[in-house]
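Subject: Structure handover

Hello,

Here is the structure you asked about. Please open it next to this message and follow along.

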Amino acid sequence: MLGSRWLRFSLLLVVVVTPGCRRAPAPVEASVTPKSLGEAAPTDRALIATDDWLIGCFRGNPNTLNPILNSSAIDKRVHDLLFDGPFVYDENLEWQTNDLLVESCVDSADHLTTTLRLKKGLRWHDGVPFTAHDIAYTWRKIVDDRVPTKAARTGPDQISACVALDEWTVRYTHKAALPTNKWNIAFDLIPKHIYEKGEADDPTMVKSEYNMRMNRSPVGNGPYRFVEWITDDKIVLQRWDDYPGPKGHFERIIYRIIPDVQGRMVAFERQEIDEIELTPQQFVLESARESFRNAGVKAFAPRWMFYYIVFNQDGSNPFFEDRQVRRAMCYAMNYPLMIKQVFHGLFEQSLGPFRELRARHGFAPEPFRYDLDMAASLLDKAGWLRDAADGWRYRMVDREGTQVRQRFAFTIKIPQQGQTSPKIIAILASDLERIGVEMKTQVVEWATLLGQARAHDFEATLLAFTLGVEPDQGWNLWHSSSYANGRNYGGYASPRVDALFEKGRHEFDHAERMRCYAELSKVVYEDAPYIFLVDAANLWGFNKRLRGIRLTPRGPHLFHPGTREWWVPKGLALHAPTAP
Amino acid sequence: MWTDLQQPATGSYRQLVWRRFRANRRGVIGLAAIVLLLGVAFFAPLIAADQPIVCRYEGKLYFPAIVKTVREIPFAGWVIPGGSPFGKAGFDAKAELSDDAFAVWPLVPYGPLEITEDALEPPSRQHWLGTDGSGRDLTARMVHGAVVSVKVGFISMGIAALIGMTVGAVAGYLGGWTDAVLSRLIEVVVCFPSFFLILAVMVWLEPSIVNVMVVIGLTRWTGIARFTRGEFMRLKRLDFAVAARALGAGSVRIMVRHLLPNALAPVLVTVTFGIAHAILLEAGLSWLGFGVQPPDPSWGNVLRSAYTNLRVAPHMVYPPCVAIFLAVLVYNLVGDALRDAVDPRMFGRRR
């Protein structure tokens, strides 16, 4: 009896295991982004399936739907459909005035004030007029220390006053005459008549029941109005028929919340969601499956996002203050293997920020290439010498006045559930061991890791950053003053870089300004505060019926008009209540 | 089938329990599987490694994998003389040894951290269970993952047994207020859902296999304490305990010398089930990233890596799933058999 049971169990095992033994599909070439995807919407709305619904997908819930409290890309994507502001970023991520709201926008000759005149007759979704007072009120709340505005304060805090001169006129007064001032006034807006009701009870905007309710069910002025947000399930927006601009092409836009990467793929293939951000592996291998091709198409475009390993060089550890050590780390990274194995050949080695500027102004540095001999030689020069007995590297370091022998062993913190980071650090750890350096790994929950990065509580960590079009954004990453409150997590400090940032910020001659940033970029790359790993790419899958999609360096969403342009040809509706 | 349990019991209590245990075929199979698992874990560097078992290098004979195995034994590593190039950080044996050099390689000639260019390869003659997303041999990772499972199972339950038996013995023997206070303590710890308690603690501690073992040990002792307490309450009233007390033996001596040996068998049952549970807990923690830290292998993080590659390399899922399932199964089989063997009410039952 027992024997036959074991036999049956073994047979079952063979049957179960056998399907897994087939070879993985061969990688497919990345020839993608069909022309139909970018087809602009016809002017005749009769040709558009305006009763269809667009079903997007988020990895998690938004933190808030109050635009000035927003802190994530997910928050921002919902705000972009619910709210309209006087300034927008276009497809090239250039700063523009929003003609729908703005009659005129004039800078003073001394660049210290900007006067904005709004169009008349604008309204919020609840019918209350949208006026200059809403803008002035929003600015006051953003710079109010009691309100946890986090990211939104960077920029508006460089304005000394924002005053409503009348119902339709706002005057912004800048603290200094800077070419970057136009970015400082492009903040998201909130309705004064909604939030001032809750101000007496709760000036923080986040604690009272009323404010919390408003932060979850916002009143906006964009082409879609808020319907409902069911935590961990979905967010529903409905087309606002009184919108003064071009009406939304979908009756509803629903964002489903699916945290699991496999779950999102299954939902996409079953056409339960219309868009999916793909991992490199999904893009190359999984999208070759018939179930994917039946559901949609994939799109590829460059992206202004880079992955990097940042070293803590603030002196809290004995390793990374030395520029030669950091450069050695850069030479120890096997970029070709990482690109092949982790990113399936889709991403390119990152050569640091603003590299187009560098090339244009003749500041191109020698790129770091995988070279363990060079890495070892730099470590030797830095005094980290290999012990003949155990093969590890050691150096005498001063610890509270005493010289102690320190082994070169450090810990890198990586985010939990990251798919690519364990593979990247496996490659680096293996190569570092070959040159006598031990790199241990610690997985940290994402929010905790960010907190630790801000507190400089790490030796090395792996992160990613998305750059905008304005090079002054780099101030937050590499200016020494950003160590305390900015994103200069590793404590990089270079007097030359600081001086170039200062010069670039005050220079109104565009060419000269860009030259500053080009030189700065070269210095940063050569100083190696990071290992610049790869420049990422946009990897998306879209339902095959969607049209009007444009991929910018920040993805298909976070620009104007972004999702508002998407449409579905008449007859191809999928999610509409009347669809077959 | 009738067992020999109906035969009159002869010999000591331990012999009696062992005889009853042997009569349970599933228990014996389970025990054999555990011995096999322990063997795989102990000899992991000899089974799967990127260094040879024995080789000739620069005119000298070396035993790199054997040395590595011995070094894994606590304190034993000190007796091994240093100086071997194979023990040095970053020494690449495959690159250093020429093709015609004498070398006996392990059954699986790959280390668990050895990266190859063959990522996501299906099972083949070269890689028996295939490779993962970083091109690492899955067989090697599974073999070295067994070390983690064995360590976590035994050490964490060792800690739990030490705490549980101490608390249970004191509560059961002393009774009264001491029992009341310690029993409430047990109830308080029982109230916490252990997995979430462990997760919460792991947020404060640096994730590592040592911390996982300690935290599991510190949270999984309550069952053992309750069993020990019950046994001590029963045993302390028996004649041999009363006689020991009458002869003037102190409380500690009675507890350690007389009661504890008699209470051990039922406690062992709980410990055996506890090991199975600890293996599952570790796999769960490593799946979430809070257990064994990458790139070191454990069955949990191998399974996590398999999950992310589920649709393109399904072969990766089966080894960790089957290993975890079988490990938990065999400990449960042994626990079951042990429970039956120590329980007098099971005498003569049809198995």
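In chain A, six residues of domain 1 are in contact with nine residues of domain 2. On the domain 1 side of that contact, four residues are nonpolar, one is polar and one is charged. Keep in mind that this is a predicted model. Where are the two domains? Domain 1 of chain A covers 84–206, and domain 2 of chain A covers 303–536. Their C-alpha centres lie 37 Å apart.

Chain B is also divided. Its domain assignment gives domain 1 (50–105) and domain 2 (140–346). The centres of these two domains of chain B, taken over C-alpha atoms, are separated by 36 Å.

Next, the contact between the chains. Chain B gives 33 residues to it, and chain A gives 35 residues. The side of chain B that touches chain A has 19 nonpolar, 10 polar and four charged residues.

Now the sheet in chain A. In what order do its four strands stand? The order is β4-β5-β7-β6 in an open sheet, and the pairing is antiparallel. Strands β4 (102–107) and β6 (159–164) of chain A stand at the edges. Each has a single partner strand, so one side of each is left without a neighbour in the sheet. On average, neighbouring strands of this sheet are turned by 15° against each other, direction ignored. As background, strands of a sheet pair through backbone hydrogen bonds, either parallel or antiparallel.

β4(A) and β5(A) run antiparallel and are joined by five bridges. One pair to find is Ser104(A) and its bridge partner in β5(A), Arg117(A). The hairpin of β4(A) and β5(A) has five residues between the strands. There, His111(A) takes a positive phi near 60°.

β6(A) pairs with strand β7 (residues 169–174) of chain A in the antiparallel sense, over five bridges. Look for Ala164(A), which stands opposite Val170(A) in β7(A). A helix belongs in this picture too. Helix α3 (residues 132–143) of chain A lies across β5 (113–118), β6 and β7 of chain A. It runs at about 150° to β6(A).

Two helix pairs come next. Two packed helices are described by the angle between their axes and the distance between the axes.

The pair in chain A is helix α18 (residues 495–506) and helix α19 (residues 510–527). Their axes come within 9 Å and cross at roughly 160°. That makes α18(A) roughly antiparallel to α19(A). The crossing of α18(A) and α19(A) is left-handed. Which residues meet? From α18(A) they include Val497(A), Leu500(A) and Phe501(A); from α19(A) they include Cys516(A), Tyr517(A) and Leu520(A). By class, this contact of α18(A) with α19(A) has eight nonpolar, one polar and four charged residues.

The pair in chain B is helix α7 (residues 176–191) and helix α10 (residues 222–235). They pack at an angle of about 150°, with their axes 10 Å apart. α7(B) and α10(B) are therefore roughly antiparallel to each other. The crossing of α7(B) and α10(B) is left-handed. Ile186(B), Val189(B) and Val190(B) in α7(B) meet Thr222(B), Ala225(B) and Arg226(B) in α10(B). That contact of α7(B) with α10(B) has four nonpolar, one polar and one charged residues.

Best wishes

How values were computed: Residues are numbered from 1 along each chain as its sequence is written. Chains are lettered from A and ligands numbered from 1 in the order in which they are written. This is a predicted model: local features need pLDDT of at least 70, side-chain atom pairs count only at pLDDT 80 or more; totals for chains, interfaces and linings use all residues. Domain bounds come from an automatic or database domain assignment. Two residues are in contact if their C-beta atoms, placed from the backbone, lie within 7 Å. Ala, Val, Leu, Ile, Met, Phe, Trp, Tyr, Cys and Pro count as nonpolar, Asp, Glu, Lys and Arg as charged, and the others, Gly among them, as polar. Axes are lines fitted to C-alpha atoms, for helices over the stretch in contact, and angles run from 0 to 180 degrees between N-to-C directions. Helices (H or I, at least four residues) and strands (E, at least two) are DSSP runs, numbered from the N terminus. Angles under 35 degrees count as roughly parallel, over 145 as roughly antiparallel, 65 to 115 as roughly perpendicular and the rest as oblique. A crossing is left-handed if the near helix is turned anticlockwise from the far one by less than a right angle, and right-handed if clockwise. Two strands pair if DSSP finds at least two bridges between them.
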